[in-house]
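Morning, everyone. Please bring up the model on your screens, and we will walk through a few places in turn.

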Amino acid sequence: MQAILSTSFSFFGTNVTIAALLGQGTLGLINGAFYACLSLGLAVIFGMLNIINFAHGALFMMGAFASWMLLNYLGIGYFPALILSPILVGLFGIFLEKTIISRLYKLDHLYGLLLTFGLSLVVQGLFRNYYGSSGLPYQIPQVLQGATYIGFMYMPNYRGWVVLAALFVCVATWAIIEKTPLGATLRAATENAPLVQAFGVNVPRLITLTYGGGIALAAFAGVLAAPIYSVNPNMGDNFINVVFAVVVIGGMGSIMGSIVTGFALGVIEGMTKVVYPQASATVVFVVMVIVLLTKPRGLFGKAA
Amino acid sequence: MFGFSRPQLIAFLAMVALIVVLPFVLYPVFLMRVLTTALFACAFNLMIGYVGLLSFGQAAFYGMGAYVSAWTIKNWHVDASVAIALGGLTGGVLGLALGYLAIRRSGIYFAMITLALAQMVYFFCLEAPFTGGEDGIQQVPRGHLFGVIDLSNDMTMYWLVAAVFLGGFLLIHRIIHSPFGQVLKGIRENEPRTTSLGYRTDDYKLIAFVLSCTLAGVAGGTKALVFGIATLTDVNSSTSGEIVLTTLLGGLGTVFGPAMGAVVITTMENYLAQMGAWVTVIQGAIFMFCVLSFRRGIVGEIGNLLKLKL
């Protein structure tokens, strides 16, 4: 085992060991977890509302801020915040959908994109005004501190927790949509909303709940990210541009597709850090270019 | 002339008159900022207003144009006209490469792809040695025009910027009113039908994209000479967003809208500069207001009131 791990080979003049590749790949799963949560939320919202939620990054950031506020203003710790923050931000999402986003359904999809883009500017600007852009610290909860040896590297416990928690929530979302009666109604409404409405289903409410759910996913990712990255108004920006590339790569047709693509790209990004560090920020975009050239609809995209 | 209708011609002459008179009243450097932004917005409008392609990555072409103009005039001491032309060429070549990828998808995917590709360009500029990283390229000389006219005087520079803007403006107007432009509008209205009429719509979209990016590069290059600086802000996604806002506020698909938007947005930024992050909040709020209840934009609404196509 040890012999395999310490095997090294040369790649463009960089000495690469298998252990380093495995280690960075595993750490890449963490970013992958965020990509998966965010792109999953985007895909769910797009399926139902036919808009690309540009405010997703801002709402992710609000999730992190909500947990910071719960801790600092109300003394509510990490684990309750993991449930409470997504609910609070999800409710905010529902409020947004009810008051403004719902006015745009009859218009070109591009207006939804523009509106949510404006929304993200407002939200980010407000947080920047009141909390600055330097970032606020958020402690890793006591039980998740430390690190564990997992065969080829020491994995910080909290990072392992992030991967598992995100994976659990993603799979749960997939199960709700693909395996429950509610999910079946949701999928039917995605295909043909007027018909489902004719069966007596309250489609507008379904749409509102879907938007709230997608936002809650983003906020959940935000809470997970809070102890890793400092809580700051721009934290969503760094993710959302990559997540759009992830969505283009995966195509928004499949729930499982966006989860798999999210995690896979995180791993690829991590491994690139070993091979060619300068490219780690752009490798996802390079993958997007390759996918566009070979499979323009995306890996899991439907022909439409 | 140039396909102007009578009211448009009157509006155009009024605009030219303002461009000639205003530098004697207002600070020319501020007006140059307005004009370069206006050219950038007009170029963007060529795509969104007449082909229906919403690009969220125009800053890549604007910023790269600025970098190349600034670098060539600073290090190679080329003529100002050459520097600006090289900026445009950079925008065009980059537009060809990125547009070739982006037009494979349309609608919101197109927006996301252009955003992601522009982000790639941003990271490239952050790492590449010639851009000066976080510092950017500073103290760029304005140089000389055609080897004789010294541009270090603000008024002399202003006339060059005004000429570049009017040239770009008329070029765009000419493009829109050419048979080529008619096909573009056909694509905007109904792409499958345009295809069935025998037009290769992808080629048309790509050409429009490249033209728009070339002019964005020209605008960026001109801006770099005016302010003597090219930085990461020019390639940042916030610049892309700002140009979308500028065009939307002025009026998508109108002839004079983008220029009007540039006047309003630049003035606003000028006066609100000391308010810090509130500028972002206000911009976002204007964005939302425009989308919710002001979709025609300023010029579109005026045109609607007067029953004119401006």
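Helix 10 of chain A passes helix 11 of chain A in a right-handed crossing. Keep in mind that this is a predicted model. The two helices, residues 235-250 and residues 255-275 of chain A, pack at an angle of about 125°. Their axes are 9 Å apart. That angle makes helix 10 of chain A oblique to helix 11 of chain A.

Which residues make the contact? From helix 10 of chain A, they are A:Val246, A:Val247, A:Ile249 and A:Gly250. Helix 11 of chain A brings A:Gly257, A:Ser258, A:Thr261, A:Gly262 and A:Leu265. By type, that is four nonpolar, five polar and no charged.

Now to chain B, and helix 7, residues 179-189. Buried here are B:Gly181, B:Val183, B:Leu184 and B:Ile187.

Last, the contact between the chains. Chain B gives 32 residues and chain A gives 32 residues. On the side of chain B that touches chain A, helix 5, helix 11 and helix 13 of chain B each supply at least two residues. Helix 5 of chain B has the largest share, 13 residues. That side of chain B divides into 22 nonpolar, seven polar and three charged residues.

Thanks. Over to you.

Methods. Residues are numbered from 1 along each chain as its sequence is written. Chains are lettered from A and ligands numbered from 1 in the order in which they are written. This is a predicted model: local features need pLDDT of at least 70, side-chain atom pairs count only at pLDDT 80 or more; totals for chains, interfaces and linings use all residues. A residue is buried if 20 or more other C-beta atoms lie within 10 Å of its own, exposed if 12 or fewer, and partly exposed in between; C-beta atoms are placed from the backbone. Helices (H or I, at least four residues) and strands (E, at least two) are DSSP runs, numbered from the N terminus. Axes are lines fitted to C-alpha atoms, for helices over the stretch in contact, and angles run from 0 to 180 degrees between N-to-C directions. Angles under 35 degrees count as roughly parallel, over 145 as roughly antiparallel, 65 to 115 as roughly perpendicular and the rest as oblique. A crossing is left-handed if the near helix is turned anticlockwise from the far one by less than a right angle, and right-handed if clockwise. Two residues are in contact if their C-beta atoms, placed from the backbone, lie within 7 Å. Ala, Val, Leu, Ile, Met, Phe, Trp, Tyr, Cys and Pro count as nonpolar, Asp, Glu, Lys and Arg as charged, and the others, Gly among them, as polar.
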